[in-house]
Amino acid sequence: MALLFRKKRSRELVFIWALLLPALAVYLFYRVIPLVWNVVLSFSFWSPGKPAKFAGLYHYEEMLFYDDAFWVALKNTAVFMLGTPIAIVLAMALALLVDQNIRGRSLYRTLIFLPYPMMIVAVGIVWRWLYNDSVGLINYVLRSLGIIDQPIPFLESYDFAMASVMVAAIWQIVGFFMIIILTGLQNIPAHLYEAAVIDGARAHHRFWRITLPLLRPSIFLCVILGVIASFTSFDLIYTMTGGGPGLATELLITYIYKSSFTLSKFDYAAAVTVVMFLLFLALALIANRLAGGDAGKVDIAD
Amino acid sequence: MSRFHRIVTHGILIIVCILMLTPIYWVLKTSVTGDNLFVYPPSIIPDDPNLFFYVEAWYTVDFVRLFFNSFAIATLVVIANLFLNAMAGYALTKQFPAKGLVLTFLLMSMMIPFHATIIPAYLLTADLGLLNSKLGIALPTLSHIVCILLFKSNFEAVPNSLIQAARIDGLSEWRILTRIMMPLSKPAVATNIILSFIWSWNDFLWPLIVVRSQEQQTLPLGLVSFLASFEDTTGSLYAFCVLVVVPSMLVFLLAQKDFIRGLTSGATKG
Amino acid sequence: MNWRAILINRFTITFGAIVLAVLLWNIYVGFNDDGRLTGQVVDENGDPVRGAQVMLARKTVTSVDTVAETTTGDTGNFSFQNHGQFALVLSVNSDAGSISRQVIPLWFRNQNVDLAEPLVVSP
């Protein structure tokens with residue numbers, strides 16, 4: 001009897017592992033092994049077709065002390081990240097509006113979410129043209145309203161290029177953030193509000209004391225997504241500005257792409273990638289700690 | 001809610017919706033008129049709309065080939081995701097030694113953005129001889145951890161008595177998964193399909209790295225090379241943009257109800 | 001899962017309708033893509049122009065170049081076979097006048113076209 005049970009149990013174990021293995025293999029081969037490989041690569045001299053040689057900290061020294069472009073890209077990535085709080089505040093306001101009992105709320109919700117499934121490459125092309133200085137809609141509107149006299153070449157100007165790309169990024173992501181915050185709002189038990197009303201709490205008190213604290217997991221999920229987006233917004237930069245003018249919109253990820261796949265400096269780009277990954281990890285851990293330390297909630301990450 | 005309050009709410013939401021829809025309207029409008037590429041001031045209402053730019057885009061870029069490349073990859077990714085994620089999710093609802101280890105492994109992998117591994121991923125794909133192939137493009141996205149966790153939480157919500165009853169009826173574990181668990185977790189299935197489809201359909205950086213020949217180009221790559229050869233000189237570019245965006249929009253609009261429900265259950269139960 | 005639920009839901013209906021539309025469209029195209037182009041050239045008074053030179057050009061996004069030419073007959077009629085274009089760019093030269101690069105957009109490559117309106121040349 002015991003033997004039979006053990007046999008059945010081991011068959012079940014085989015079954016479980018058979019179910020798990022395909023998915024685990026994907027992560028092993030396309031997340032974990034590349035990560036380790038990347039770290040090894042960053043400590044070696046290597047170019048395609050040549051044997052690798054140990055390089056120690058050579059690439060890191062070059063990056064940190066001699067490469068201005070790296071620092072510019074790092075600064076730009078940090079600036080790009082500032083779009084996240086703006087998007088979250090907007091999304092929060094929209095979510096509060098849509099959460100009310102008004103007619104057509106599901107239509108509003110769908111319309112605001114609509115840009116999110118759009119292909120980012122197409123979004124970049126459309127916005128690039130909205131920003132055009134001679135025929136773009138944005139310049140036209142600003143000129144008609146008398147705000148500016150001369151058309152502004154948004155994407156070719158050092159002052160506006162970064163902000164312009166950020167506006168396009170916020171436009172696309174805000175609906176997704178709104179949905180996340182909205183689901184958080186709908187999970188707040190109604191009796192908390194009822195109790196607060198009975199206690200005579202004003203609307204803004206209810207917001208600061210009940211809504212905001214209970215929305216923390218949703219908000220930090222948005223923060224994580226925003227942080228990831230600032231590290232991975234390759235498509236938008238590639239189609240809208242190509243990193244220019246000069247280095248004005250160069251992010252770490254576009255810099256990595258250029259150094260590795262156009263300049264073939266794979267080893268150096270690997271070192272930049274390690275720095276990018278460590279930064280991401282630090283920010284994600286901070287956000288996760290602030291959200292209450294539940295890693296399972298920090299998902300939807302691609 | 002007071003009448004004034006209601007009007008203000010609608011007013012703000014309508015303005016926001018107009019702002020969100022303006023770029024979409026603008027690209028649609030130019031794709032049917034092609035005007036105001038050179039005209040200033042631009043006209044707001046389409047004047048003499050026609051579908052000629054769609055015809056031109058269709059024949060200029062060999063749309064059918066691009067579409068089928070993208071579609072084949074997306075189909076492969078969606079089916080693989082459905083199977084791999086549901087299987088892994090179901091396995092994770094059971095008790096077995098090293099379960100904690102597997103969960104830790106998954107959560108750790110989730111903290112590695114794919115963008116942070118592109119260089120070795122490229123070298124690895126080259127070693128496997130899969131550069132410039134559909135399988136090579138699809139491989140890294142064959143499973144998404146978010147969706148595994150989504151399936152796990154949905155499967156855990158299925159009443160245990162149902163599974164016991166099925167076991168007594170003599171259903172095999174595999175049958176329980178496909179015949180009982182999956183039909184009962186429709187929101188998770190919908191979310192899985194939408195997310196994996198949209199991510200695969202819109203993916204740009206990885207195909208850009210892996211694809212070497214025209215024959216294997218996907219839609220985003222076709223769009224970018226179209227942009228590179230013609231710049232903004234033709235309405236066809238915007239007609240092409242519309243054609244490329246429509247499928248993912250369609251999938252989203254059709255499944256949005258289940259999608260939002262699935263996302264909610266995933267985000268709250270984790 | 002019963003067959004009714006699989007057949008009648010919004011996904012099957014939407015994608016089925018799309019597949020059906022594509023199929024019907026391709027059948028229609030299959031019967032109408034011999035690339036026949038016929039038309040007539042007239043002068044400003046509406047009289048047919050004989051011996052006018054009609055040129056058909058290929059239009060791409062960036063360029064226009066002539067691919068075929070013909071001359072009109074006694075009744076001012078002309079025709080092309082298998083023109084192979086998805087947009088017709090017609091130019092006419094004659095004693096009575098000319099037309100330069102009139103564009104007629106088509107729906108698909110090699111579409112059969114019988115121009116209902118005659119091409120009116122002006123000096």
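Biologist: Which residues meet where H6(A) and H12(B) come into contact?

Modeller: Happy to start there, and please keep in mind that this is a predicted model. On the H12(B) side, the residues are B:Pro220, B:Leu223, B:Val224 and B:Leu227. By class, the residues of this contact divide into 7 nonpolar, no polar and 1 charged. The partners in H6(A) are A:Val121, A:Ala122, A:Ile125 and A:Arg128.

Biologist: Stepping back to the two chains, how much area do chain B and chain A bury between them?

Modeller: The contact takes 104 residues from chain B and 91 residues from chain A. Of the buried area, 79% is on carbon and sulfur atoms. The total that chain B and chain A bury between them is about 9,200 Å².

Biologist: Which helix gives the largest share of the side of chain B that touches chain A?

Modeller: Let's look at the pairings first: between chain B and chain A there are 0 salt bridges, while 11 residue pairs are in polar contact, both at pLDDT 80 or more. The side of chain B that touches chain A has 78 nonpolar, 20 polar and 6 charged residues. The largest share of that side is 18 residues, and it comes from helix H1 (residues 3-33) of chain B.

Biologist: Now for chain C: which residues of chain B lose the most area to it?

Modeller: Here 13 residues of chain B are in contact with 16 residues of chain C. The two chains bury about 1,400 Å² between them, with 77% of it on carbon and sulfur atoms. Three residues together account for 45% of what the chain B side buries: B:Phe52, B:Tyr59 and B:Leu254.

Biologist: And which elements give two or more residues to the side of chain B that touches chain C?

Modeller: Between chain B and chain C, the count is 0 salt bridges and 1 residue pair in polar contact, both at pLDDT 80 or more. By class, the chain B side has 9 nonpolar, 2 polar and 2 charged residues. The elements you ask about are helix H2 (52-60) and helix H13 (235-269) of chain B.

Key:
Residues numbered from 1 in each chain as written. Chains lettered and ligands numbered in written order. Predicted model: local features only at pLDDT ≥ 70, side-chain atom pairs only at ≥ 80, totals over all residues. Heavy atoms only, no water. Contact = heavy atoms within 4.5 Å. Buried area = accessible area lost by both parts, 1.4 Å probe. Salt bridge = Lys/Arg side-chain N within 4 Å of Asp/Glu carboxyl O. Polar contact = N/O pair within 3.5 Å; in protein donor to acceptor, adjacent residues only side chain to side chain. Helix = DSSP H or I, 4+ residues; strand = E, 2+ residues; numbered from the N terminus. Nonpolar A, V, L, I, M, F, W, Y, C, P; charged D, E, K, R; others polar.
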